[in-house]
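Subject: Handover of a structure and notes on its contents

Dear colleague,

Please find the structure below, followed by a summary of what was found in it. I would be grateful if you could read the notes with the structure open.

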Amino acid sequence: MAEATPQGPGIFEIIHTTRAMRRLKPDPVPEDLIRQVLLAGQAAASGGNTQRWRFLVLKDPEIKKKVQVYYKKAYDEVVGPRYTTSAPPPGSDPARYKRQQAAVEYLTDHYHEAPVWIVACLEDGANPARSAGSSIYPAVQNMLLAARALGLGSTLTTRHISYEKEVDAAMGIPPGFHSYAILPIGYPMGRFGPVGRGPLADVVYLDGWGKAYPGI
Ligand SMILES: Cc1cc2nc3c(=O)[nH]c(=O)nc-3n(C[C@H](O)[C@H](O)[C@H](O)COP(=O)(O)O)c2cc1C
């Protein structure tokens with residue numbers, strides 16, 4: 001059973017302020033908080049309630065550093081160049097997008113320094129289907145929300161998957177399982193704030209593709 005909910009912001013405030021927190025302090029995270037985040041992950045739904053997940057907690061600096069090397073490689077090869085040519089997403093603007101890139105670069109360089117990683121893994125066989133992730137990402141989102149509620153910062157990261165064979169081997173993930181996300185967790189340097197998204201009406205339709213949903 002989960003512990004009593006800590007006193008703090010309500011669920012809607014938590015949802016709307018669970019931003020990617022990429023600048024983290026190296027200070028250790030109390031075991032009790034890690035446990036609460038993991039319990040929140042395990043409370044999530046999975047297809048048929050199969051619970052084929054494993055949550056690998058990594059604190060070992062050497063293992064994290066091995067993975068960071070590939071995480072940075074993927075940034076230098078793909079993600080960094082893409083930022084310089086792409087437009088800001090909905091709800092953002094050039095200045096905000098620049099700050100996002102700076103934070104992404106910061107996390108890339110300091111990935112392994114986050115005191116705790118939770119690596120969300122799934123037993124998905126050798127050739128996972130497109131739907132496989134739907135049985136692990138609800139747990140990932142639960143953990144992000146729980147971390148936020150406990151005052152811990154994190155970011156959903158998947159870039160390591162560009163080098164999945166190498167990083168899964170470095171993390172000792174056995175055949176038949178794959179890592180789907182790495183959550184670097186720590187106390188944030190900055191403050192939580194509202195997420196930036198576009199207008200809701202741009203992405204919601206009523207009774208037909210492209211038809212406006214009045215009143216939202
Ligand atoms: C599937 C997925 C993969 C992501 N991978 C990364 C990643 O590898 N590195 C990173 O810094 N952020 C990653 N993010 C975080 C997004 O960039 C971030 O959520 C988005 O920019 C919105 O920012 P906000 O949540 O602060 O509003 C990922 C998010 C998702 C949903």
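A residue is called buried here if 20 or more other C-beta atoms lie within 10 Å of its own, exposed if 12 or fewer do, and partly exposed in between, with C-beta atoms placed from the backbone. By that rule Ile-185 is buried, because 26 other C-beta atoms lie within 10 Å.

Two remarks on the source are needed. Residues are numbered from 1 along each chain as its sequence is written. The model is predicted: local features need pLDDT of at least 70 and side-chain atom pairs count only at pLDDT 80 or more, while totals for chains, interfaces and linings use all residues.

Overall fold

The protein chain has six helices and three strands; helices (H or I, at least four residues) and strands (E, at least two) are DSSP runs, numbered from the N terminus. Read from the N terminus, the order of elements is α-α-β-α-α-β-α-α-β. The radius of gyration, taken over C-alpha atoms, is compared with a globule rule of 2.2 Å times the number of residues to the power 0.38. The protein chain has a value of 18 Å, close to the 17 Å that the rule gives for 216 residues, so it is as compact as a globular protein of that length. Along the principal axes, its C-alpha atoms fill a box of roughly 50 × 45 × 40 Å. Of the 216 residues, 27% count as buried.

Two residues are in contact if their C-beta atoms, placed from the backbone, lie within 7 Å. Among contacts in the protein chain with a separation of 6 or more, 84% are between residues 24 or more positions apart.

Strands pair if DSSP finds at least two bridges between them. Strand E2 (116–123) pairs with E1 in the antiparallel sense over six bridges, and Leu-58 has Trp-117 in E2 as its bridge partner. E2 and E3 also pair in the antiparallel sense, over eight bridges; here Leu-122 is partnered by His-178 in E3. Seven of the eight residues of E2 are buried.

A nonpolar core is a set of buried Ala, Val, Leu, Ile, Met, Phe, Trp, Tyr and Cys residues joined through C-beta atoms within 7 Å. The largest one has 37 residues, and those with the most contacts inside it include Trp-117, Ile-118, Met-143 and Ile-185. At least two residues of this core come from each of H2, H3 (61–85), E2, H5 (137–149) and E3 (177–185).

Ile-185 lies in strand E3. Leaving aside neighbours within four places in sequence, its contacts include Val-29, Val-116, Trp-117, Ile-118 and Leu-152.

Asn-49 counts as exposed because it has 7 C-beta neighbours inside 10 Å, whereas Gln-51, with 15, counts as partly exposed.

Ligand surroundings

A residue is near a molecule if its C-beta atom, placed from the backbone, lies within 6 Å of it. The ligand is surrounded by 13 residues, the closest being Arg-19, Ala-20, Thr-157, Arg-159 and Val-195.

Yours sincerely
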